[in-house]
Amino acid sequence: MRILRLLVVSAATMAALAVTSIGLGTARSDLNETATPTAPHLGYGFNVWDRVELASGLGFDWIKLIEEAGPPPATRLPYKILYRVFVDGYPASIDDYLQHIRDLVNAGRGKVEAYEIGNEANLAGPGFWGGQPVNPEAYAQLLCDVYPVIKQVDPSAIVVSAGLAPVGPWEPQYWGTVMDEVVYTQRVLARMLILNGGQFCIDAFGYHPHGFKFTPETPYADAPNGFAFRGAERIHDVMVSAGATSMPMWATEFGWIRDPHFDPWINGNGQPSSYGWCTNEIGTDIEGFLWMLVTEQQQADYLVRAFEYADANWPWMGPMFVWDLDLFYRGWSCSPHRFYSIFYASDGDPNQHVPSPAYYALQAMPKRYVSESELLVQPAAFSFLTEVATPTIQTRPLTIANASLSMTFTWSISIETSSPITLDVSPVTGTNNATVTVSIDPGAITTTGTYTANLIVTADPTTTIGSPAIVPLEVLAVDQIHRTYLPIVLRNYAAPVPSLFDSPYTHFGLDFISSPDHRADIRYQRAAELNAGLNRWPMYWNNIEQNAVAQPGVYTWAWQDDNTIADVQHGLTVDAILLGIPSGLVSGTASIEFAPRVGEESHFPTDRPAAPVAPSASVPIGLYAPVFNDGTDTPGPGKSINPDNRWARFVYAAVDRYRPGGVLAQQQGWTNGQGIRVWEIWNEPDFDVFFTGTVGDYTRLLKVGYLAAHHADPNAFILYGGLVTWQNPAWLNDSLNLIAADPDHEANQWYFDGVAVHVYSWAWQTFDYLYRARVALDTRGLTAKTLWLNETGVSVCDDLPGPACDDVSNSPYRATMSEQADYLIQTMTFAAWLKVQGALWFQLYDDNGNGCPGIDAFGLVRNLPGACNGRDGTTRPAFDTYNLIIQQLSDVLPYWRKRPVPNQEIIAFKRPATSERVVVMWNRYYTTTETVVLSATAASAVLLYPDGLTQPVVPISGTYTIDLPPATNDNTLTSDGKAPIGGPPRILIEYDPMIKP
């Protein structure tokens, strides 16, 4: 068992303990070669307990004060102030805590520039995360609670996240006590995006890049566990990956601890000595710091060189706060923070302060203060295109920003032109950040040619960096703009269907185009009309090994053979689900009611979470027996499957039969790779209707399935069974932690290739659930593992066999047919944005709809006459919508995503093959109509509607104005006012010269 001694005031203790507990690790290092910034960006600061006057004369412009030491200053100090707010875990009463925050910020307004929310929240101890288990998601929630409160009281205040302790890599089982700063950063940033609509809840990210025993220039890859000042680069890389590309990092604490032998001491006999005796204090906090001691001269040099290195190489670094100024006298005599101080240690007397060499070095250090504002103007230039015969007024936005968080400037714009064009700019003056409208009227142009002008943006004070900024403007006048663009849907365009495994695009399909229970040519015809290339259906073990006790290993494949042959003939890629336990092989007493089936078979309701809980399955007998006949789980040549592991035996038999080149392929004479490669291990294992084993049981089920499948087909693609997420949100993380503890997990690719997620009724949960899975994978370095959305849908309530939409007993979690089409666009847009590999709609037909008769109508197509709930076999509106989605999102990549206001969701994709952008947008709330204004990238575009109708559009003054109707669905429960299904989306398709083929 590891016993951790936590020091409230310094990250270095934890870092030292991480080294002694874990040993020497390795880390990646990307040498930062950034050129010396042209503008000052650092702040020069100290961590101060209460002796603020000791900072006088050092020439520093920032100090950091701590709430535990006292309230915000009553009067303005001659420094900019970072005030660390006390956090002791997520508060028991968030309302009381937020009132406390209001009181603090009111007291600090006009005297405090920035607030740091907590300290080293990746540690569990008191003063860090309050003794609660480390929880980056809970800390992200706290940030998103606190941020708007601070901004409401003091809009100019800067909110900084708690400086994280550099603790190095820890095994996941210890994350409740101490969490790797890289993992913590990934998870807290990801969670903020989910909580705050794609926006972060901070202005700057706090980190503690302590230097330990290494020089400031040492790459973190060259230090044990990355314990080096340049470990900040690793955290910055994580920030960039998370989308925080423009967010500054603040080094809210950093330093080096000097050897106590250098600090003078008068011993008990009154003789001069030193604090060197502290190095013999075994079993105390100082013991963990002994490995990182430096000389007093090294401490002085390293602090200066750290500022110099950051100034020259880290344009993303903001204020840096030395640890520490005035803790030389606090705590017991050998407290480590005494020797971080730039004053020699003094035995408890704050008035006995003698400067160390670090004091004088920092005093003499040249400093480049951020005393000037910096003017940023975007775009850097304008280009307009106009026809001489039909000139039109065109408008574009110009963004003006102040790069300094703490400084203010005013700006003005003047126009310089001799061209026959009229320029109008509004407004022409302002303070700090603003968006300016730039309009051109080319009505006076009578001949073709290129006409130019300049906008000159000047800032005051005159010392503002980047002022004046000159923005050139060019107008190209032509006789006629040749519009060669045709809407894709008017070109009879069929999106290409590249191979599932060698393209970066999302591949679309359907659940139950067919299944072993039911096949029909009309079903394949309907799928072909949609260009749906993926089909998902189950292989139930209990149906295949029908007499498992008396005839073990005797399998009946006839139905599966027929269905696979038909799917291959129709060009479908199969996601085959392996699940179910034969009678006599269930380790518990429970049985399973399987779901779902097609045709007239019964299946479980999918209107969850309102559905009742049905009996469930446990785990198969023999699951924990060795996979291979040599008594191991280690694959290798010459081995065979252990027949006592019945699950392994079944998986091997299924994969060997249906793989490309397998038994069935040989029987059919298939030579072009036909067969099944995608194997999903169980369905919804985190949902107790389908699996009542533990997360450990499923992890074993997955491992055995992977090993057996790969023994049959080394190219098998193994999917982690589709997760419902809502019943057990921690399931995937817990399972990954167990896999990480398996000594052979790396050699076996973590026992899976992709993770599947299921989402119903709430469109925005598609982003939420997929993003959670993506973060769980990425935090473990599993960026190559793909995501699948292989069940998503919503049942209709205004078409038979569904209930009436106002039937309060049966209509929850349902939608009108038009809302179903809206849901389809929104959920598939999120899937494509998150680069899902396979996206499948549940389902093609209604089929049995919760028994026969039933009331579920998930289908894009109504049932055939004579079937359960028989109708006329016609399509619903969502059928055409799905055709539209497959056409528009099958060959695109993420481009950008915006929420200019909370009500608007705008997601853009790029289509490299045609140099087009595809912009999908909708209204997120039950509000009045929202109006989106998009800058044009071409002379015309096409606007698509959910029903497939198109409308050619031409920009007015360089922009498109598009109305988004409000959301209407209130059948699905929600608690925050956010609509489960947004309003009817709009899709704009336009040529974009920035997108290269």
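1. The link of cysteine 278 and cysteine 334 is left-handed, with -80 degrees about the S-S bond. Cysteine 278 sits in the loop between β9 (272-274) and α6 (296-313), and cysteine 334 in the loop between β10 (317-322) and α7 (336-340). The pair thus links distant parts of the chain, 56 residues apart. Note that this is a predicted model.

2. The sulfur atoms of cysteine 278 and cysteine 334 are 1.9 Å apart, and the two residues form a disulfide. Are these two cysteines buried or exposed? Both cysteine 278 and cysteine 334 are buried.

3. How many disulfides does a search of the whole structure find? The search finds three. With bonded cysteines counted along the chain, the pattern is 1-2, 3-4, 5-6. The other two links follow.

4. Cysteine 144 is joined to cysteine 201 by a disulfide, S to S 1.9 Å. This link is right-handed, with 80 degrees about the S-S bond.

5. Cysteine 144 counts as buried because its relative accessibility is 15%, and the cut-off for buried is under 20%. Cysteine 201 has 2% relative accessibility and therefore counts as buried.

6. The remaining link joins cysteine 797 to cysteine 805, S to S 2.1 Å. The S-S bond of cysteine 797 and cysteine 805 has 90 degrees about it, and the link is right-handed.

7. Now the backbone. Most residues other than glycine have a negative phi, and most peptide bonds are trans. The sites below deserve a look against that background.

8. Which residues does the cis peptide bond with omega of about 5 degrees join? Tryptophan 323 and aspartate 324. Aspartate 324 is placed in the loop between β10 and α7.

9. Where is glutamine 843 found? Glutamine 843 is in the loop between β29 (838-841) and α18 (877-889).

10. Tryptophan 750 is not a glycine, yet has a positive phi of about 65 degrees. Its place is the loop between α15 (731-740) and β25 (754-760). Tryptophan 750 is buried because its relative accessible area is 6%, against a cut-off of under 20%.

11. Tyrosine 813 has a phi near 70 degrees, a positive value in a residue other than glycine. Tyrosine 813 lies in the loop between β27 (795-796) and β28 (814-815). Its relative accessibility is 9%, so tyrosine 813 counts as buried.

Note on methods
Residues are numbered from 1 along each chain as its sequence is written. This is a predicted model: local features need pLDDT of at least 70, side-chain atom pairs count only at pLDDT 80 or more; totals for chains, interfaces and linings use all residues. Side-chain values use heavy atoms; hydrogens and water are left out. A disulfide is a pair of cysteine sulfur atoms within 2.5 Å. Buried means under 20% relative accessible area, exposed over 50%, partly exposed in between (1.4 Å probe, protein chains only). Helices (H or I, at least four residues) and strands (E, at least two) are DSSP runs, numbered from the N terminus.
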